[in-house]
Amino acid sequence: MTNVLWLQGGACSGNTMSFLNAEEPTVCDLIADFGIKLLWHPSLGVELGNNLQTLLRDCISGTIPLDILVFEGSVVNAPNGTGEWNRFADRAMKDWLADLTKVAKFIVAVGDCATWGGIPAMSPNPSESEGLQFLKRQEGGFLGKDFLSQAGLPVINIPGCPAHPDWITQILVAIATGRIADIAFDELNRPQTFFNTYTQTGCTRNVHFAYKASTAEFGQRKGCLFYDLGCRGPMTHSSCNRILWNRVSSKTRAGMPCLGCTEPEFPFFDLKPGTVFKTQTVMGVPKELPPGVNKKDYALLTMVAKDAAPPWAEEDFFTV
């Protein structure tokens with residue numbers, strides 16, 4: 001039996017809603033097939049008041065082994081480092097975290113807020129929010145850059161706004177079945193099985209991207225969203241077009257630009273007017289290009305690609 005405790009800091013519960021929609025495996029599969037015992041969850045736990053405090057203190061003392069601590073939401077430090085803006089079970093949440101992270105065998109940060117602060121950590125960051133082991137791309141966060149759990153691992157980061165449900169459940173299964181050692185992690189402690197490729201991988205609009213055939217309207221099934229609508233698919237690490245959401249679709253397949261929500265810089269440009277859903281360009285060349293692409297080479301490639309584009313590159317190939 002693998003004991004899992006799920007807590008929530010400064011968050012909107014979006015990752016909980018995503019988690020409950022997992023399909024491979026489902027939340028019920030975690031419990032029935034993989035031996036996971038959910039000690040408590042803010043939306044599912046039945047303990048309240050003194051009973052909840054007793055459960056938490058039993059985890060801290062070791063009376064109840066804490067195998068996996070899952071944290072959703074940012075660590076709120078306001079006001080003035082006290083964390084009193086985010087109280088939970090008669091204490092500041094950050095104080096519970098400080099105690100629980102010392103005894104947890106594995107720690108999993110779910111969603112952007114828990115991994116690098118997310119939207120709550122946007123400037124001027126009045127809640128003094130940060131992630132468990134990062135603040136945006138800066139190492140450290142609440143636990144510090146050198147922190148290791150009882151299993152000898154840093155915090156396992158599963159970013160996203162929200163994170164894909166199957167990313168969450170599959171990592172929990174890997175831990176519960178003793179296979180987490182088979183998972184490689186990148187420099188941001190993200191599992192590479194989900195984050196070593198770009199969102200563009202598997203995108204149905206790749207042919208439009210190659211021929212620089214753009215669309216300027218949401219919901220259109222033809223044309224690339226990168227050139228006009230600010231899609232960050234070519235420079236965002238995620239498997240959204242390889243492991244489809246609800247096994248059906250993704251943002252780009254539905255005609256919605258990728259917002260780059262698995263990267264520490266999200267939300268980009270601090271949501272300044274005119275920067276969202278609009279590609280920022282200089283003399284027609286996007287300011288930000290896919291990694292490894294030279295601006296001069298890009299400009300030359302654009303001319304060649306547009307000249308070589310066949311008529312069908314502008315067609316809606318989803319038409320039945």
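Is Cys203 buried or exposed? Select Cys203 to begin. This is a predicted model. At 12% relative accessibility, Cys203 counts as buried, because the limit for that label is under 20%.

**Stop 1: the first cysteine set**

Stay on Cys203. This residue sits in the loop between α7 (192-195) and α8 (206-210). Cys203 then touches Asn241 and Thr252.

An unreviewed UniProt entry lists Cys203, Cys224 and Cys231 under "binding site". These three span 29 residues in sequence, yet no two of their C-alpha atoms are more than 11.8 Å apart, so they gather at one spot. Cys203, Cys224 and Cys231 also belong to the lining of the second largest cavity.

Move to Cys224. Its place is the loop between α8 and β12 (281-282). Its relative accessibility is 7%, so Cys224 counts as buried. Beyond four places away in sequence, Cys224 contacts His208, Phe209, Ala213, Ser214 and Thr215.

**Stop 2: the second largest cavity**

Colour the lining by class: 7 residues are nonpolar, 5 polar and 1 charged.

**Stop 3**

A "binding site" annotation in the unreviewed UniProt entry covers Cys240, Cys258 and Cys261. They span 22 residues in sequence, but no two of their C-alpha atoms are more than 11.0 Å apart, so they gather at one spot. Cys240, Cys258 and Cys261 are part of the lining of the largest cavity.

Zoom in on Cys240. This residue lies in the loop between α8 and β12. With a relative accessible area of 14%, Cys240 is buried. Not counting residues up to four places away in sequence, Cys240 touches Trp167, Thr199, Trp245, Ser249 and Ser250.

Next, pick Cys258. It too is found in the loop between α8 and β12. Cys258 counts as buried, at 7% relative accessibility. Which residues does Cys258 contact, leaving aside neighbours within four places in sequence? They are Thr199, Gly230, Cys231, Arg232, Gly233, Thr236, Lys251 and Thr252.

**Stop 4: the largest cavity**

How many cavities of 30 Å³ or more does the structure hold? There are 3. The largest cavity has about 140 Å³ of space. Among its 14 lining residues, Thr199, Cys240, Lys251, Cys258 and Cys261 are closest to the centre. Its lining divides into 5 nonpolar, 8 polar and 1 charged residues.

**Stop 5: the annotated domain**

Select residues 195-267. The unreviewed UniProt entry lists this span as "domain: Cytochrome-c3 hydrogenase C-terminal". Its end C-alpha atoms lie 18 Å apart. The span is 8% helix and 0% strand.

**Stop 6: helix α6**

At 1.5 Å a residue, its 12 residues should span 16 Å; the end C-alpha atoms are 17 Å apart, which agrees. Why is α6 described as largely enclosed by the rest of the structure? Because 10 of its 12 residues are buried. Highlight some of them, including Trp167, Ile168, Ile171 and Leu172. Trp167 is one of the contacts of Cys240. Step just past the helix to Gly178, which takes a positive phi of about 75°.

**Stop 7: the pockets**

Turn to the open spaces. The largest pocket has about 330 Å³ of space. Its lining has 22 residues, with Gly230, Arg232, Phe268, Phe269 and Thr275 nearest its centre. By class, 14 are nonpolar, 4 polar and 4 charged.

End at the second largest pocket, of about 190 Å³. Select its lining, which includes Lys212, Tyr227, Asp228, Tyr298 and Lys306. Two elements, β13 (285-286) and α9 (295-308), each supply at least two lining residues. The largest share, 4 residues, comes from α9. The classes here are 5 nonpolar, 4 polar and 3 charged.

Technical notes:
Residues are numbered from 1 along each chain as its sequence is written. This is a predicted model: local features need pLDDT of at least 70, side-chain atom pairs count only at pLDDT 80 or more; totals for chains, interfaces and linings use all residues. Side-chain values use heavy atoms; hydrogens and water are left out. UniProt positions are given in the numbering used here, feature names are shortened, and annotations may be inferred rather than shown by experiment. On a 1 Å grid over the protein atoms alone, a cavity is a set of points where a 1.4 Å probe fits but cannot get out, and a pocket is an open set with protein on both sides within 12 Å along at least five of seven lines; lining residues have an atom within 4 Å of a point. Buried means under 20% relative accessible area, exposed over 50%, partly exposed in between (1.4 Å probe, protein chains only). Contact means heavy atoms within 4.5 Å. The expected span of a helix is 1.5 Å times one less than its number of residues. Grid points are joined across faces, edges and corners, and a volume is the space filled by probe spheres set on the points. Ala, Val, Leu, Ile, Met, Phe, Trp, Tyr, Cys and Pro count as nonpolar, Asp, Glu, Lys and Arg as charged, and the others, Gly among them, as polar.
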